[in-house]
Amino acid sequence: MQVQAEISLYPIGRPDPLPSILQLIGDLERAGLHVEPGPLSTLVSGDCRVLFDALAFACETVGRTGRHALVIKILSSPPEPDHLSPEQP
């Protein structure tokens, strides 16, 4: 199943959050996900299992550098209809 996620990473007690954020983005891109960084959050899309596995890996990797808050909102994409049929009278 395809999903989209909006992710925000907040390093706690660190003067420069950018290295941790770039690490997270790199981990997601290396997993083969479509990543669109923004000014306040990053949009990620791809297969649900790949996304969750990549997030678990990224949490472990980024977590080694200190405390972080990671906020994730996930939107499941509806399945594509097999066919569209016109309404019957």
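The side chains of Asp27 and Arg30 form a salt bridge with an N to O distance of 2.8 Å; the term denotes a side-chain nitrogen of Lys or Arg within 4 Å of a carboxyl oxygen of Asp or Glu. Both residues belong to helix H1 (residues 18-30), where a spacing of three residues separates them by about one helical turn. Asp27 is buried at 5% relative accessibility, whereas Arg30 is exposed at 61%. Here buried means under 20% relative accessible area, exposed over 50%, and partly exposed in between (1.4 Å probe, protein chains only).

The model is predicted: local features need pLDDT of at least 70 and side-chain atom pairs count only at pLDDT 80 or more, while totals for chains, interfaces and linings use all residues. Residues are numbered from 1 along each chain as its sequence is written, and side-chain values use heavy atoms, with hydrogens and water left out.

Helices (H or I, at least four residues) and strands (E, at least two) are DSSP runs, numbered from the N terminus. The 13 residues of H1 should span 18 Å at 1.5 Å a residue, and the end C-alpha atoms, 18 Å apart, agree with this value. The expected span is 1.5 Å times one less than the number of residues in the helix. After H1 comes Gly32, with a positive phi near 90°.

The buried residues of H1 are Ser20, Leu24, Ile25, Gly26, Asp27 and Leu28. These buried residues pack against E1, strand E2 (34-37), strand E3 (42-47), helix H2 (48-63) and E4, where contact means heavy atoms within 4.5 Å.

By the salt-bridge rule, the count comes to two. Lys73 is partly exposed at 49% relative accessibility, and Glu6 is partly exposed at 27%.

Leu9 also lies in strand E1 and is buried, at 12% relative accessibility. The C-alpha atoms of Leu9 and Leu70 are separated by 4.6 Å, although the two residues are 61 residues apart along the chain. With neighbours within four places in sequence left aside, the contacts of Leu9 are Ser20, Ile21, Leu24, Val62, His68, Ala69 and Leu70.

## Overall fold and surface

The protein has two helices and four strands, and from the N terminus on its elements run β-α-β-β-α-β. Of the contacts between residues at least 6 apart in sequence, 68% join residues at least 24 apart. Buried residues make up 28% of the 89 residues.

The accessible surface comes to about 6,400 Å², of which 58% belongs to carbon and sulfur atoms. Areas come from the Shrake-Rupley method with a 1.4 Å probe; for residues, only the protein chains shown count as cover. Phe52, Ile72 and Ile74 make a nonpolar surface patch of about 250 Å². Patches are made of residues with over 30% relative accessible area and no salt bridge, with like charges joined within 9 Å and nonpolar side chains (Val, Leu, Ile, Met, Phe, Trp, Tyr) within 5 Å. Phe52 lies in helix H2 and is partly exposed at 43% relative accessibility.
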